[in-house]
Amino acid sequence: MRSITIDNTGSGFAPAAIGKEARRLAPELARLKAAAQKRYATDYASINLPEDRKQLEQARSLARQYADADLLVVVGIGGSNLGALAVQEALLGRLHNLAGRPRILWADTVDAGAMKTIAETVERTLSEGKRVLINAVSKSGSTTETIANFAILAEILKRHEKGYARSVVVTTDEGSKFWEYAGREGFARLAIPEQVGGRYSVFSAVGLFPLAVLGVDIDGLVAGAAAMRTRCLAADVAKNPAALGAAAQYLHLRKGRNISDLFLFSPDLEAVGKWNRQLVAESVGKEFDKSGKKRVFAGVTPTVSIGSTDLHSMGQLYLGGPFDKFTTFVTIDADSELVVPDGYDALVSRIGGRGLGELMDAIAHGTMAAFRKTKRPFRHVALPDRTAASIGQFLQERMMETILLAALMDVNPFDQPNVELYKTEMRAILKKK
Ligand code: PA5
């Protein structure tokens with residue numbers, strides 16, 4: 001496995017300043033280290049998912065039963081689908097369905113148009129005698145959008161298949177209402193460890209099962225995550241990428257730069273950006289401090305940019321606008337078979353004979369040079385290849401860095417009490433009607 005590298009030299013702070021801030025994390029790192037021995041018994045449970053061979057084998061062996069599936073529909077939202085979606089697009093590409101099998105559709109929100117298309121696709125696939133698998137994922141087992149979409153698809157399955165239960169896998173907390181319902185209906189069930197929250201669940205059955213059905217190298221994914229876990233538990237913060245990253249981010253926050261842009265140089269990484277948005281937004285965006293007593297209205301606003309596309313829409317702001325952001329550039333070393341043919345240099349000079357990967361690399365490094373020149377703070381995460389191991393490393397670093405950032409900000413990275421507010425209002429509206 002090749003390690004991902006993180007270069008903080010453009011971050012705007014001297015290594016000594018970052019190191020000093022990172023050393024304040026010693027108590028939190030000690031807690032993480034202790035939690036690493038306690039499996040799922042602490043709030044930090046998610047860091048131990050990559051070591052859990054049992055759940056990996058369970059996801060893999062259940063996935064084998066669907067080797068002949070033509071279409072997989074994952075029904076879930078937020079922490080219950082963003083991780084798997086991020087890995088799928090990063091490794092198989094956003095255009096996977098054009099040639100890859102099984103095809104994959106993601107049913108998240110209750111958009112009538114999108115769900116109609118998904119419902120019709122399921123109907124047509126079944127009518128053609130092909131196999132469809134519905135994986136409904138909900139930690140609580142009671143999310144309105146997920147249950148509504150699941151109900152629509154389940155009824156289609158029922159109309160087409162006598163033993164429709166064979167085509168449904170439910171991933172939820174053991175003991176949730178959905179768990180009990182799935183048991184009564186005879187669906188296969190996968191449990192999410194109780195202490196693992198949605199946005200930290202990508203290496204649980206939530207992510208591993210659908211990814212295994214799609215043929216993703218889940219061993220490589222968790223091996224990458226496990227290797228990064230070791231790096232991010234290092235007590236020597238100079239060697240700990242999560243501690244250094246959290247410290248740099250925190251120093252920027254203290255200077256009033258509370259926007260954190262994840263600038264990914266591949267459209268296939270956009271979903272990684274959206275997964276990261278939820279992770280950071282819900283983990284450190286808090287009304288109260290960790291004690292729950294002091295109102296702090298804390299937060300970092302995570303944004304996503306895609307290279308090179310967004311340079312053509314956002315570049316002016318990034319290089320000429322306010323100094324309110326800290327940018328994390330992510331590049332991926334991709335072998336490119338596609339080369340620009342000779343004969344077009346009169347239109348754009350020096351592109352003939354260049355691979356597309358080489359061009360993207362020049363754009364990415366040009367962007368970083370421009371950021372340096374205009375004194376825009378950034379860091380650079382380089383993924384050495386487009387493998388499951390590299391993606392596993394990156395996602396694990398993001399999660400552990402976020403936990404450490406929350407420690408510096410003195411907020412609880414694992415709860416999301418304010419999200420409940422809109423749900424309560426929505427239930428009241430539905431009740432009235
Ligand atoms: O982080 C969270 O808790 C949310 O984004 C949830 O993941 C999302 O609301 C889905 O919840 P559930 O998995 O319970 O259906």
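Which residue's side chain does a polar contact join to that of Gln-249? I looked it up: Ser-260, at 2.9 Å. A polar contact is a pair of N or O atoms within 3.5 Å; within protein, one must be able to donate a hydrogen and the other to accept it, and residues adjacent in sequence count only if both atoms are side-chain atoms.

I noted the ground rules. This is a predicted model, where local features need pLDDT of at least 70 and side-chain atom pairs pLDDT 80 or more, while totals for chains, interfaces and linings use all residues. Numbering runs from 1 along each chain as its sequence is written, and side-chain values use heavy atoms, without hydrogens and water.

I placed Gln-249 in helix α10, residues 241-254. Helices are DSSP runs (H or I, at least four residues), as are strands (E, at least two), numbered from the N terminus. Gln-249 counts as buried because its relative accessibility is 3%. Buried means under 20% relative accessible area, exposed over 50%, partly exposed in between (1.4 Å probe, protein chains only).

Next I checked α6, residues 144-160.

Last, I turned to Thr-309, in the loop between β10 (301-306) and α12 (315-320). Thr-309 is partly exposed at 48%. Its C-alpha atom is 9.0 Å from that of Ser-266, 43 residues apart along the chain.

Key: Expected span 1.5 Å × (residues − 1).
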